[in-house]
Amino acid sequence: MMALVLFLSFLVLIFIGVPVAFSLGLSSLLYLFINDMSFSIIPQRMFGGLNSFVLLCIPGFILAGNLMNAGGITDRIIQFANNCFGHIRGGLGLANVGSSMGFAGISGTALADTASIGAVMIPAMKKEGYGAGFSAAVTASSSTVGPIIPPSLPMIIVGTLASVSIGDLFLAGAVPGILLGLGLMIPTYLISVKRNYPKGERKSFKEISSSFLGAFWALFMTVIILAGILGGIFTPTEASVIAVLYALVIGIFVYKELPIRKIPEIMLDSMTSTASIMLLVGFANLFGWIMVSEQIPQLVASTILGISSNPIIVIILINILLLFVGTFMETIAALVILFPVLLPVAMEVGMDPVQFGVMMVLNLVIGLTTPPVGVCLFVASQIGKVSIGKTTKELLPFLGVSLVILLLVSFVPQITLYLPSLFK
């Protein structure tokens, strides 16, 4: 009964527009009040969820991404992608997806990708004659590559929750992220051909090489992070600090587009983003503790396994649940609450924690492009000045591709586990 109160209050708060973090906190507060429990549990459980050395890398990667973005990285990645794909029918759309794949190694979040790439590409696509809904749909769908290709903030959360190597999770996301990006190019191209969207002139090898050199230093940051973590040179937290120093050097001395006077503003913005994530993690940990107290994990596990013990059916049921949750809950909150609940079920049917982590992140980021709480969908539609309904309609082919990649990740372990196995 008390669990029902917890969930109903949370859902009501979500659907009346209360931010997810506060919805988690208020519903937990109501539970404690009804059960006459001490409110001192709140800071204890919130601190317990945040008291992790690994989580310290989140502010570092956020700051590094913001510094690189302010230092001219977005324009350079877009220019390189456009030089590679611009001569193909629908080239700007393909460049949009390619830019997201490149930017994924910098930002680690889908929303940052949507806002940064979308601010440039959506107006450019509309100007060239692409439909506003299509432009927004390409941007929103391709932004989901951000949390899959390393570095990835959701993967860091998964590693913290499951005590799994962050390096393994980063590597595990690389192949699915690339497959997702390449897969999204297929409907982009086919729709562009069908609607006769424009194509540009073929760029010379010299122009492509020049734009690659322009984007190289930004893209190389991903290599440094992965090589350092996997080589045992530094921890993920230390890697985030290295990334910040690298971003400063590249932005100030190489690209020379990062004004020193702007750094305090970037740091303040990064602090705000970090605080919102940490507040979310803290409240989600409190909510999750209450779920454990009410034995919700055992109930979920017994319910799913009670329907079927067939691994294929169980994995499909988990996917359906996560896709549903992703439509209304923020990714990190859903991870903190549900990952500890569902991991034992997944392991019961033979899934590796690393594979399950990637599968869960992919499930939840797909939700970022679906109503009612798809933040990437909302941001892309706002930039494109187009209705949510029209963008959602244009998104359907891209969602189909995302679901195909999700099924591959779910049922073909080698896609996620092959690269990590090479570094054992």
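Reply: Thr 222 touches Gly 105, Pro 150 and Pro 151, when residues up to four places away in sequence are not counted (contact means heavy atoms within 4.5 Å). The model is predicted, so local features need a pLDDT of at least 70 and side-chain atom pairs count only at pLDDT 80 or more, while totals for chains, interfaces and linings use all residues. Residues are numbered from 1 along each chain as its sequence is written, and side-chain values use heavy atoms, with hydrogens and water left out.

Thr 222 itself sits in helix H11, residues 205-230 (helices are DSSP runs of H or I with at least four residues, numbered from the N terminus). Thr 222 counts as buried because its relative accessibility is 15%, where buried means under 20% relative accessible area, exposed means over 50% and partly exposed lies in between, with a 1.4 Å probe and protein chains only. Two of the partners of Thr 222, Pro 150 and Pro 151, are joined to each other by a cis peptide bond, with omega about -5°. Pro 151 belongs to the loop between helix H8 (132-142) and H9.

From here one can turn to Ser 116, which is found in helix H7 and is buried, with a relative accessible area of 13%. Beyond its neighbours within four places in sequence, Ser 116 is in contact with Asn 69, Thr 74 and Phe 103. Ser 116 and Ser 143 are 27 residues apart along the chain, and their C-alpha atoms are separated by 10.0 Å.

A pocket is an open set of points, on a 1 Å grid over the protein atoms alone, with protein on both sides within 12 Å along at least five of seven lines; a cavity is a set of points where a 1.4 Å probe fits but cannot get out, and lining residues have an atom within 4 Å of a point. The volume of the largest pocket is about 860 Å³, a volume being the space filled by probe spheres set on the points, which are joined across faces, edges and corners. Among the 34 lining residues, those closest to the centre of the largest pocket are Thr 109, Leu 111, Ala 112, Ile 277 and Glu 330.

The greatest share of this lining comes from H13, with six residues. At 1.5 Å a residue, the 31 residues of H13 (residues 263-293) should span 45 Å, and because its end C-alpha atoms are 45 Å apart, the two values agree; the expected span is 1.5 Å times one less than the number of residues. Just after H13, Gln 295 takes a positive phi of about 60°.

The structure also holds one cavity of 30 Å³ or more, and the largest cavity has a volume of about 40 Å³. Its lining consists of Ser 141, Thr 144, Ile 366, Thr 369, Leu 395, Phe 398, Leu 399 and Ser 402, and H19 gives the most to it, with four residues.

Thr 369 lies in the loop between helix H17 (353-366) and helix H18 (375-384) and is buried, at a relative accessible area of 3%. A polar atom of the Thr 369 side chain lies 2.8 Å from the backbone oxygen of Ile 366, and Ile 366 also lines the largest cavity. With neighbours within four places in sequence left aside, the contacts of Thr 369 are Ala 140, Ser 141, Thr 144, Gly 374, Leu 377, Leu 395 and Leu 399.

H17, on one side of that loop, is mostly covered, with 13 of its 14 residues buried. At the start of H17, a side-chain oxygen of Asp 352 comes to within 2.8 Å of the backbone nitrogen of Val 354. The 14 residues of H17 should span 20 Å at 1.5 Å a residue, which agrees with end C-alpha atoms that are 20 Å apart.

Lys 385 has a positive phi of about 55° although it is not a glycine, and Lys 385 counts as exposed at 74% relative accessibility. Asp 36, in the loop between H2 and helix H3 (41-50), likewise has a positive phi of about 55° without being a glycine, and Asp 36 is exposed, with a relative accessible area of 71%.

Notes: Helices (H or I, at least four residues) and strands (E, at least two) are DSSP runs, numbered from the N terminus. A polar contact is a pair of N or O atoms within 3.5 Å; within protein, one must be able to donate a hydrogen and the other to accept it, and residues adjacent in sequence count only if both atoms are side-chain atoms.
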